[in-house]
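Dear colleague,

Here is the structure I promised to hand over; my notes on it follow below.

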Amino acid sequence: MPDDGNFDPVANLATVRARMSAAATAAGRHPRDVTLVAVSKTHGASKIESLIAAGQRVFGENRVQEAQGKYPALKAAHPDLELHLIGPLQTNKVRDAIALFDIIETVDRPKLAAELAKEMVRQNRRPACFVQVNTGEEAQKAGVAPRDADTFIRTCIREHGLPVVGVMCIPPFDEEPSLHFALLRKIAERNALAKLSMGMSADYEAAIRFGATHVRVGTALFGARNVR
Ligand SMILES: *Cc1c(COP(=O)(O)O)cnc(C)c1O
């Protein structure tokens, strides 16, 4: 992959979109049923602006504070942007997250679910939620364990009234992702959730084959990140 300096996000966007379409079509799905979440963490507003100018509207950030530095101005200039939170959310950041993000992909514990519900009422804003599932059961990774997913999803919806629309996973770095994609899909199906956020730069086509409705792609669009 070329390094950051020579990376053209607009050309990359066309490539990623074409590959997404081909993967969807090959799987008997309609390309419009898969949404590209352009992951802009660590990248500056000018790169993001170039993708917006090329028609991209859905973006993802993994840190509330970093997103607060970039997105209020971008959203003011482009009111149709849709911003996804894809990183761990601390309860002391819930207020800021509800104010800024349109989708929260990382709901993973009862205390967070309760805080989100409370803050949605307070701000009269209801960002759609995904429950993050730690499909690889990795100690260092966020997400609810697969065996606890059904109960947790039910608690989020029935007890807290959260608008849960789907599930999200980040497979272990060194494992074949397809098993994780298949597991996530099963969890979505048995909980009657329509949305599946899975697949990143290295494996978004496989994820689409397994039913992803949202792929989260950073490096293949913006180039390598210097940090994280
Ligand atoms: C950074 C990140 C991505 C994008 O990863 P790439 O490999 O750069 O495409 C996707 N999902 C999450 C949760 C991330 O933090």
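**Notes on the model**

Asp-8 counts as partly exposed because its relative accessibility is 39% (buried means under 20% relative accessible area, exposed over 50% and partly exposed in between, with a 1.4 Å probe and protein chains only). Please bear in mind that this is a predicted model, in which local features need pLDDT of at least 70 and side-chain atom pairs count only at pLDDT 80 or more, while totals for chains, interfaces and linings use all residues. Residues are numbered from 1 along each chain as its sequence is written, and side-chain values use heavy atoms, with hydrogens and water left out.

Asp-8 sits in the segment before helix H1 (9-26), and a polar atom of its side chain lies 3.0 Å from the backbone nitrogen of Val-10. Between Asp-8 and Ala-76 there are 25 Å in space, C-alpha to C-alpha, with the two 68 residues apart in sequence.

Ser-197, by contrast, counts as buried, because its relative accessibility is 0%. Its side chain makes a polar contact with the side chain of Glu-105, at 2.6 Å (a polar contact is a pair of N or O atoms within 3.5 Å; within protein, one must be able to donate a hydrogen and the other to accept it, and residues adjacent in sequence count only if both atoms are side-chain atoms). Leaving aside residues up to four places away in sequence, Ser-197 touches Glu-105, Phe-130, Val-167, Met-168, Cys-169, Leu-184, His-214 and Arg-216, where contact means heavy atoms within 4.5 Å.

Best regards

Conventions:
Helices (H or I, at least four residues) and strands (E, at least two) are DSSP runs, numbered from the N terminus.
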